[in-house]
Amino acid sequence: MSANVTLYRLLRVFNVNTVKNSIDKMQINGKDKEIDASFLKSNILKIYNNLTLTKIIQLGDYGIAKDGGAYAAVLQNALSQTVYSFVNLNGGRTKLKNYIVLNREHDNIIYYAKVSGVINLIAITKIILILLVGKLNEQI
């Protein structure tokens, strides 16, 4: 897995890669770094909620010329409501939309889902500054 931050798709600013078969190591800008996996595991949801704005949009066109499309629409709505309830209970800034179209003209199921995320650069800058001040206080 890797994450790249680029400006205007041309200038690479930041690059993070995982190291194969090693959970506690990552490559940050080409240099090997060890990470504290226990901190990430315990705080991953809190970190994600503070750093990103996520948008999930679902669009389903369910043909109800036969009964199968109606049953699939009910199942999809139930699963979506369950996931959306979990997301809302865990906080964060997530926008959720679910559109269902029941269409009598066909019996096919056409489903689209789009997940997009925006990273909050101000929050990342704040976290980096807090970490740097903490390291500076350790040195003094």
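Modeller: Happy to! Two strands count as paired if DSSP finds at least two bridges between them; strands are DSSP runs of E with at least two residues, numbered from the N terminus. This is a predicted model, where local features need pLDDT of at least 70, side-chain atom pairs count only at pLDDT 80 or more, and totals for chains, interfaces and linings use all residues. Residues are numbered from 1 along each chain as its sequence is written, and side-chain values use heavy atoms, leaving out hydrogens and water.

Let's start with strand 5 (residues 52-63). Strand 5 runs antiparallel to strand 7, with eleven bridges joining them; tyrosine 62 has isoleucine 109 of strand 7 as its bridge partner. Strand 5 also pairs with strand 6 (residues 93-103), in the parallel sense and over eleven bridges. There, threonine 54 is bridged to threonine 94 of strand 6.

Now for the surface. Lys55, Lys95, Lys97 and Lys114 gather in a patch of positive charge. Patch residues have over 30% relative accessible area and no salt bridge, with like charges joined within 9 Å; a salt bridge puts a side-chain nitrogen of Lys or Arg within 4 Å of a carboxyl oxygen of Asp or Glu. Lys and Arg count as positive, and the charge of Lys is placed at NZ. Accessible areas come from the Shrake-Rupley method with a 1.4 Å probe, and for residues only the protein chains shown count as cover.

Lysine 114 belongs to strand 7 (residues 109-119). Its relative accessibility is 53%, so lysine 114 counts as exposed, a class that needs over 50%.

Conventions:
Patch = residues over 30% accessible without salt bridge, like charges linked within 9 Å, V, L, I, M, F, W, Y side chains within 5 Å. Helix = DSSP H or I, 4+ residues; strand = E, 2+ residues; numbered from the N terminus. Buried < 20%, exposed > 50% of the residue type's maximum accessible area, 1.4 Å probe, protein only.
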